[in-house]
Amino acid sequence: MGSQRGALASVRLRLHIAGVVQGVGFRPAVARIAARHGLAGCVYNDSGSVHCEFEGAPDAVQAAVSAISVDRPPMSRIDSIEAIALPPNGESEFRIVDSRTVADRRTLVPPDIAVCADCLRELRDPDDRRHGHPFITCTNCGPRYTVITDLPYDRPATTMAQFPMCATCSAEYRDPADRRFHAQTIACPDCGPTLSWRGPGGGLEPLAAAAHALENGLIVAIKGIGGFHLACRADNAATVADLRRRKGRPAKPFAVMVADITAAQRICHIDAASAELLQSPAAPIVLRAARDDSMLAGVAPGLSEIGVMLAYSPVHHLLFDRLGPVPLVMTSANNGGSPIVFRDRDLTWIDGLADAVLTHDRPIHVPCEDSVLTVDDDGGVVPIRRSRGYAPLPVSVPAAADAPVVLATGGDLKTTFCLLSSDGNAHLSSHLGDMADPRTQTCFESALDHLAFMTDRHATVIACDLHPSYATTGWAQRQERPVVRVQHHHAHAVSLLAEHGRLASPMLAVAFDGTGYGTDGTIWGGELLMVSDPAACTRVGHLKTFALPGGDGAVRQPARIALDLLYRAGIEWAPDLPAVESLSAQARYVLAQQLPRGIGCVQTSSMGRLFDAVASLLGVCQQVSYEGQAAVELEHLARRGRPAPLDFEVTDGELDPMPLITELVRGLRAGTTPADLAAGFHAAVIRATAEAVGQVAGDVGTVGLTGGVFVNRVLRDGLRSELADNGFEVLTHAVLPCNDGGLALGQAVIAARRQERGA
């Protein structure tokens with residue numbers, strides 16, 4: 001065969017392929033392409049790339065090179081292909097050769113992937129040897145990020161290393177025609193991990209015992225791909241209420257898992273874009289409008305949406321095969337703010353929360369919570385939490401060749417960190433939780449050590465928030481490395497520019513969120529920032545300041561903010577106003593002493609806190625038990641209303657809410673419905689913000705919407721439309737969350753730019 005190749009003037013081409021190319025079936029795919037085109041050569045991994053060599057007729061080699069981009073595995077991502085011509089060596093076959101380790105090179109770590117349709121068919125086929133196997137997987141699906149311990153990605157470098165392959169699995173693993181050719185997580189009932197059950201019904205096999213417990217109203221901790229969930233029947237109001245009581249979560253919505261898209265359609269309104277997201281390999285939680293007859297009122301009290309996801313692991317599917325089409329609450333196994341439990345030895349963290357445990361003996365190397373997304377009016381994806389299925393894939397950011405490796409620590413809530421280096425990759429961690437919890441700090445350090453090792457990127461500079469009381473700031477300052485402190489809303493703005501690849505473009509950022517430490521020592525959150533260069537920004541407008549009486553106490557009890565606004569507007573604290581009526585006489589007396597003197601009052605320009613105050617004034621929410629509750633409930637109320645006439649006063653980019661507060665109280669007393677007033681408030685914010693943008697934008701034609709308040713779809717979609725009608729290009733988040741979960745990228749980019757300039 002070698003002489004025949006020579007007669008046809010064979011060529012040999014070496015390809016270096018970088019991107020998400022390990023753990024996704026890339027080498028087997030290349031081997032199939034080579035076989036299809038009659039080529040000899042080889043393919044192998046090293047710790048940085050996939051490398052292949054094709055030898056054969058020139059047309060066949062070129063066709064194979066083209067096929068790599070077209071026929072790549074579904075979960076791969078090619079960032080670059082470098083081709084080098086080599087002299088033919090007369091090989092007669094194509095081989096997958098052993099992986100190699102190369103110093104200073106790392107490939108991208110793939111995210112975890114939902115079980116694929118082929119594996120599901122085998123899972124439910126009584127004649128298949130993997131029938132009912134809870135850990136079925138192939139090259140196109142299954143855990144990746146949470147089980148990889150080293151690179152190159154081979155079985156010894158995963159938590160599957162402790163499960164030697166049986167002879168049959170080994171044969172499949174080595175057969176180029178098999179779907180499990182070089183599938184590192186390959187297993188079967190004879191050689192794979194096993195489930196175990198701790199709880200009532202011990203005479204049953206684990207899945208049957210778990211299904212029986214759930215059917216009978218018990219709460220079960222279930223170990224999945226990235227950690228434990230707490231599960232119960234979502235249509236059992238008493239059990240859902242019991243879970244709320246145990247978890248100390250009186251109102252925050254729970255996510256719901258269902259068996260398939262048909263089951264999702266029974267409880268939610270599912271459009272085409274949402275169906276595509278739900279059924280994607282990432283399998284995220286997607287927020288959708290609940291059906292009136294869904295009978296899941298206890299899952300998301302006071303809200304019109306449900307966070308729904310489809311079963312994504314074999315264990316989930318096998319459970320639903322026993323339970324039928326019932327929906328299950330599937331919420332992270334943790335207490336509020338603490339990290340998700342992912343090791344059996346840490347189940348004491350959730351003592352008293354579950355009645356039983358369904359676990360398994362495949363270790364989870366790093367935890368990863370479920371991702372949460374929604375869909376905007378145009379069908380675009382809006383990330384709310386970027387985690388399983390997406391993390392730790394990087395965002396590409398231009399950087400100088402000699403740029404330092406920067407670690408950005410993010411915010412205190414919804415903490416994620418970012419590692420940015422000169423290769424242009426900004427690697428973001430999965431969602432970690434509330435950094436005020438010491439256990440989250442431990443998980444932060446473990447996840448950082450893992451990602452730094454996997455990427456071979458070790459920070460020489462640390463970026464953190466400007467707020468002196470953030471746990472992330474304290475952590476950064478305890479490290480023996482230079483620290484760059486970055487203003488909160490500046491980081492939000494640059495994060496948006498970075499995800500759009502627009503760092504060289506000027507942008508006016510509308511940064512609306514809850515609280516962020518301002519450069520003047522007050523709490524910002526309703527900002528218009530001009531960003532002409534990522535390293536710096538200028539505050540050109542903002543919401544007029546008001547007070548947070550008692551600081552964080554006002555966040556939990558927004559009536560305090562409402563009474564400050566009434567005081568500023570010159571409106572008497574009459575008992576017919578819901579915010580006034582919600583406070584005791586003693587509390588009102590204390591406020592009456594505080595406000596004129598400013599005692600214990602933190603000044604703020606926070607749009608998020610204004611939303612909270614309006615929710616209190618309308619009687620929507622008087623006690624906040626989870627972050628954003630008042631604003632979320634106000635948005636859902638607004639969707640049912642027709643906008644009442646309310647307006648801000650806008651001067652030189654400053655939004656003054658006092659006229660709006662006066663009109664809102666007048667509307668309440670005139671009998672205007674709270675829904676119409678809530679809708680009118682949203683419309684007023686949209687109009688006033690667009691007017692302020694017009695006053696300060698100058699010749700800048702791009703406006704970015706960022707910050708946690710823009711999770712609000714009524715506001716985001718309405719303002720985007722208004723600004724577009726005014727001739728602006730509008731940027732919104734589609735890769736990273738607009739909330740603090742996307743903050744670290746902006747911090748990292750700003751710190752890197754300042755370091756490049758010696759600032």
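Select E205 to begin: at the start of α6, one of its side-chain oxygens comes within 3.1 Å of the backbone nitrogen of L207. That is a polar contact (N or O atoms within 3.5 Å; within protein, one able to donate a hydrogen and the other to accept it, and residues adjacent in sequence counting only if both atoms are side-chain atoms). Before going on: this is a predicted model, where local features need pLDDT of at least 70 and side-chain atom pairs pLDDT 80 or more, while totals for chains, interfaces and linings use all residues. Residues are numbered from 1 along each chain as its sequence is written, and side-chain values use heavy atoms, with hydrogens and water left out.

Now colour by pLDDT (the predictor's confidence in each residue, 0 to 100). The chain mean is 92, with 97% of residues at 70 or more. Residues 1-7 fall below 50, and that stretch has 9 contacts beyond near neighbours in sequence (contact: heavy atoms within 4.5 Å). Where pLDDT is low, the predicted coordinates should not be read in detail.

Back to α6, residues 206-215. Helices here are DSSP runs (H or I, at least four residues), as are strands (E, at least two), numbered from the N terminus. Just past the helix, G217 has a positive phi of about 80°.

Follow α10 (314-323) to the second largest pocket, where α10 gives the most to the lining, with 3 residues. α4 (117-123) also supplies at least two. Select V115, L120, Q279, A311 and H317, which lie nearest the centre among the 24 lining residues. That lining divides into 17 nonpolar, 4 polar and 3 charged residues.

Next, jump to T415, in the loop between β17 (406-408) and β18 (418-420). T415 counts as buried because its relative accessibility is 0%. A polar atom of its side chain sits 2.9 Å from the backbone oxygen of G411. Further along the sequence, partners touching T415 include H431, M435, F444 and T472.

Last stop: L664 in helix α20 (residues 658-669). L664 is buried too, at 0% relative accessibility. Leaving aside neighbours within four places in sequence, its contacts are V614, L617, L618, L646 and L677.

Notes:
1 Å grid on protein atoms, 1.4 Å probe; cavity = no way out; pocket = protein on both sides within 12 Å on 5 of 7 lines; lining within 4 Å. Nonpolar A, V, L, I, M, F, W, Y, C, P; charged D, E, K, R; others polar. Buried < 20%, exposed > 50% of the residue type's maximum accessible area, 1.4 Å probe, protein only.
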